[in-house]
Amino acid sequence: MQTLDKTQVKFAELAARLNEITDIESASSLLHWDQATYMPAKGASARGRQLATLKQISHEKFTDPTIGKLLEDLRSYEQSLPYDSNTASLIRIARRDYNRAARVPAAFMAKLCRHQADCYEAWACAKAANNFSAVEPYLEKTLELSRQYADFFPGYEHIADPLIDRSDYGMKVSILRPLFAELRQELVPIVQAIASQPLADDFCLHQHFPEAQQLEFTRTVIERMGYDFQRGRQDTTLHPFMTNFSIDDVRITTRVYEEHLDQALFSSIHEAGHALYELGNSPEFEGTLLAGGISSGVHESQSRLWENLVGRSRGFWECFYPQLQGVFLRQLGHVTTDQFYKAINKVARSLVRTDADEVTYNLHVAIRFDLELAMVEGKLAVRDLPEAWNERYKNDLGIVPANDSEGAMQDVHWYVGTIGGMFQGYTLGNLMSAQFYETAVKNHPEIPVEIEHGNFTILHDWLKQNIYQHGRKYTAVELVDRVTGSPLTIEPFVRYIRHKYGEFYVI
Ligand code: ZN
């Protein structure tokens with residue numbers, strides 16, 4: 001009895017220390033949000049210092065040996081509890097995060113952070129000047145530091161695994177490489193078939209759509225999806241994102257292009273999908289390490305599910321298109337639902353990942369994933385990256401970038417992050433979104449008809465019940481298995497693509 005009491009005191013101490021750290025991190029998130037939304041430009045340098053101070057405090061508090069000792073002392077208590085109990089899960093997740101943070105010396109992390117800031121500056125200039133060789137030495141250093149980071153985790157199967165673990169815990173090159181290769185094999189011929197047929201006409205999306213009306217309409221849509229403006233808000237930023245300060249304060253941002261109707265619309269649905277996930281966490285997880293989303297892949301599966309499987313479906317627009325036409329009568333009055341549906345699902349060979357449609361998107365990701373693996377494996381030198389990039393675009397998408405700014409320097413990821421572990425989450429998200437949605441519809445075949453009536457309650461409740469409420473409790477692999485009864489596979493995604501696009505194209 002006395003031992004149990006002692007254990008509970010230790011658990012309470014651990015929980016209290018962890019809560020303090022999540023509070024500091026929430027304060028950092030608020031400073032970040034403010035920086036991206038309302039902070040005047042000249043506030044940037046002080047804000048950078050304030051964020052660095054908070055980061056250092058939370059890192060020191062988290063890697064304090066007392067936490068390590070408490071986790072050790074609580075090991076047998078954790079093992080005596082059911083795996084999915086909140087207490088065992090909190091100890092397990094804390095141990096995982098602690099081990100990762102404690103293995104990498106603070107001095108190394110500081111060096112990496114400084115280098116990332118320099119590399120970002122160099123990339124921004126090199127990209128603007130289309131001069132890859134100016135950023136090449138920085139990227140070489142990033143590669144060296146990425147390999148050093150992996151070495152803090154001896155015993156890995158593949159050198160990229162510890163880097164992948166940072167955002168997609170438990171995913172490994174040995175799982176991802178065959179999965180992505182299989183997907184590429186399916187997608188390349190589909191893209192070739194579609195590209196040989198006439199392009200969809202998306203002129204209707206590229207007229208003038210005033211910002212205020214776009215924002216009002218997207219607000220109606222995301223509110224109907226279940227985004228609660230009493231527990232969140234939407235602002236505009238250069239790059240859309242979602243952030244949370246508590247389970248009851250999950251905010252999103254969007255960007256509006258007045259000549260591109262699809263930007264604000266789909267980025268809002270996407271970010272609202274991320275937000276619904278976190279708003280749907282069990283309220284008991286408030287302020288704990290169990291709140292939030294499991295991994296970048298699972299998070300992206302929730303945004304993509306709403307953006308693509310729901311938001312780009314015909315049924316969704318059966319409901320919302322008449323309303324959209326009402327708002328933009330002059331621009332869309334003569335455009336039929338069918339023409340609009342085809343426009344928002346236009347498939348084209350393109351160079352830019354972020355603008356890619358859902359059929360070609362994963363090919364863009366696969367190229368980056370393979371190239372970053374080749375670099376960390378030492379099989380591809382940084383100086384040969386632009387050529388290797390262009391070669392893969394020619395093979396997989398049938399087009400070649402005109403310069404390195406739209407080629408190897410296109411995405412910011414390698415230039416502010418590591419080489420390895422930066423891109424897999426996007427494709428994991430797409431694959432999981434289709435597998436989850438297929439399961440939801442199998443359990444509730446009325447979901448598509450409900451969507452046609454603008455009713456998302458059944459789908460939203462199913463997602464809450466099966467995914468959102470669990471927060472970070474399960475790993476991505478465990479969650480997919482629990483929810484869908486099968487390991488992650490490409491089949492639901494390929495079925496979805498073939499079915500949807502088989503309607504417009506011979507594939
Ligand atoms: Zn996202």
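Colleague: Which hand does the crossing have where α11 passes α12?
Modeller: Right-handed. Bear in mind that this is a predicted model. The two helices are α11, residues 261-279, and α12, residues 296-310.

Colleague: Why is α11 called oblique to α12?
Modeller: Their axes cross at roughly 130° and come within 7 Å. The roughly perpendicular range is 65 to 115 degrees and roughly antiparallel needs over 145, so an angle of roughly 130° belongs with the rest, which count as oblique. That makes α11 oblique to α12.

Colleague: Which residues make that contact?
Modeller: From α11 come F266, I269, H270, G273, H274, L276, Y277 and E278. From α12 come V298, H299, E300, Q302, S303, R304, W306 and E307. By class they divide into six nonpolar, six polar and four charged.

Colleague: Why do you say that the pair H274 and E300 ties parts together?
Modeller: Because H274 lies in helix α11 and E300 in helix α12, and those parts are 26 residues apart in sequence.

Colleague: Are H274 and E300 buried or exposed, and how do you know?
Modeller: Buried means under 20% relative accessible area. H274 has 9%, so H274 counts as buried. E300 has 10%, so E300 counts as buried too.

Colleague: What about S268, buried or exposed?
Modeller: S268 is in helix α11. With 0% relative accessibility, S268 is under the 20% cut-off and therefore counts as buried. Leaving out residues up to four places away in sequence, S268 touches T218, I222, Q234, I252 and T254.

Colleague: Why is R92 called buried?
Modeller: The relative accessible area of R92 is 12%, which is under 20%, so R92 is buried. R92 is in helix α5, residues 86-103, and touches E78, Y83 and K473, not counting residues up to four places away in sequence. As for A200, 108 residues from R92 along the chain, the C-alpha atoms of the two are separated by 50 Å.

Colleague: Why is E60 called partly exposed?
Modeller: Exposed means over 50% and buried means under 20%. E60 has 48% relative accessibility, which falls in between, so E60 counts as partly exposed. E60 is in helix α2, residues 44-63. Its C-alpha atom is 31 Å from that of H239, 179 residues apart along the chain.

Colleague: And what makes N130 partly exposed?
Modeller: N130 has a relative accessible area of 35%, between 20% and 50%, so the label is partly exposed. N130 is found in the loop between α6 and α7. Phi of N130 is near 50°, a positive value in a residue other than glycine.

Colleague: Which residues of α16 and α19 meet?
Modeller: In α16 they are Y361, N362, V365 and F369, and in α19 Q424, Y426, T427 and N430. That contact has four nonpolar, four polar and no charged residues. The axes come within 8 Å and cross at roughly 145°, and the crossing is left-handed.

Definitions and conventions
Residues are numbered from 1 along each chain as its sequence is written. This is a predicted model: local features need pLDDT of at least 70, side-chain atom pairs count only at pLDDT 80 or more; totals for chains, interfaces and linings use all residues. Side-chain values use heavy atoms; hydrogens and water are left out. Helices (H or I, at least four residues) and strands (E, at least two) are DSSP runs, numbered from the N terminus. Buried means under 20% relative accessible area, exposed over 50%, partly exposed in between (1.4 Å probe, protein chains only). Contact means heavy atoms within 4.5 Å. Axes are lines fitted to C-alpha atoms, for helices over the stretch in contact, and angles run from 0 to 180 degrees between N-to-C directions. Angles under 35 degrees count as roughly parallel, over 145 as roughly antiparallel, 65 to 115 as roughly perpendicular and the rest as oblique. A crossing is left-handed if the near helix is turned anticlockwise from the far one by less than a right angle, and right-handed if clockwise. Ala, Val, Leu, Ile, Met, Phe, Trp, Tyr, Cys and Pro count as nonpolar, Asp, Glu, Lys and Arg as charged, and the others, Gly among them, as polar.
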